[in-house]
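This report goes through a few local features of one protein chain. The sequence and the model are shown first.

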Amino acid sequence: AAPQTAIMIVSAPESLKSTAGSCGRRPVKLDAVQQMQQDVAQSMHTLHWDWQQAMGGNCSMKSWINQGLGRADGVHFSANGYNKIGQMLANDLLNIAGVKPSSSAPSDTTSPAAFIKSDYNNYGYAQICLEGNTECKSIGR
């Protein structure tokens with residue numbers, strides 16, 4: 001119905017079954033799931049965004065926990081962690097589109113940039129907005 005639509009597989013993030021030790025212990029099947037997601041994206045010619053790599057790769061969850069970005073369970077993220085990873089994903093999407101991302105609201109400059117307006121916790125959506133454009137593209141659940 002929409003042949004120009006891009007599909008993106010967002011891989012499973014780095015997560016821990018146990019936080020004991022220097023890196024913690026990853027779930028047994030996490031590598032297999034992440035590889036399967038990458039294989040499907042490649043075989044189906046879709047976009048693939050490696051969440052674990054965005055976090056810093058293997059052994060990154062402990063660092064996220066120590067920075068207050070991950071929860072102590074080694075699986076979930078804090079609100080700041082989810083916001084950070086969301087901003088990283090949005091910036092990567094904007095880079096794919098050839099738009100220079102900006103972390104702030106619109107300014108009076110004429111440089112092509114975009115910003116994220118997010119109130120996901122209250123409304124369940126975020127918006128990617130181009131500076132100088134009064135309309136935003138909504139991303140929602």
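The sections below describe a helix and a group of aromatic rings in this predicted model.

## Helix 1

Helix 1 covers residues 30–43. Its 14 residues reach 20 Å from first C-alpha to last, close to the 20 Å expected at 1.5 Å a residue. Just after helix 1, His45 has a positive phi of about 55 degrees.

Leu30, Gln34 and Ala41 are buried in helix 1. These residues lie on the same side of helix 1 because they cover an arc of only 30 degrees around the axis. An α-helix has 3.6 residues a turn, so residues three or four places apart point the same way. The cover over the buried residues of helix 1 includes strand 1 (8–10), strand 2 (47–49) and helix 2 (51–55). On the face turned away from the buried side, helix 1 carries the exposed residues Met36 and Gln42.

## Aromatic rings

The whole structure contains three aromatic pairs. One of them is Trp51 with Phe77, a stacked pair with 5.6 Å centre to centre and 20 degrees between the planes. Trp51 and Phe77 are both buried.

Phe77 also pairs with Tyr82: the ring centres are 5.2 Å apart and the planes stand at 65 degrees, so this pair is edge-to-face. Phe77 has a relative accessible area of 2% and is buried, whereas Tyr82, at 39%, is partly exposed.

Ring pairs link Trp51, Trp64, Phe77 and Tyr82 into a cluster. Over the face of Trp64 lies Lys84, at 5.4 Å from the ring centre.

Key. Residues numbered from 1 in each chain as written. Predicted model: local features only at pLDDT ≥ 70, side-chain atom pairs only at ≥ 80, totals over all residues. Heavy atoms only, no water. Helix = DSSP H or I, 4+ residues; strand = E, 2+ residues; numbered from the N terminus. Expected span 1.5 Å × (residues − 1). Buried < 20%, exposed > 50% of the residue type's maximum accessible area, 1.4 Å probe, protein only. Arc of directions from axis to C-beta. Contact = heavy atoms within 4.5 Å. Phe/Tyr/Trp six-rings, centres within 6.5 Å; stacked < 30°, edge-to-face > 60°. Lys NZ or Arg CZ within 6 Å of the ring centre and 35° of its normal.
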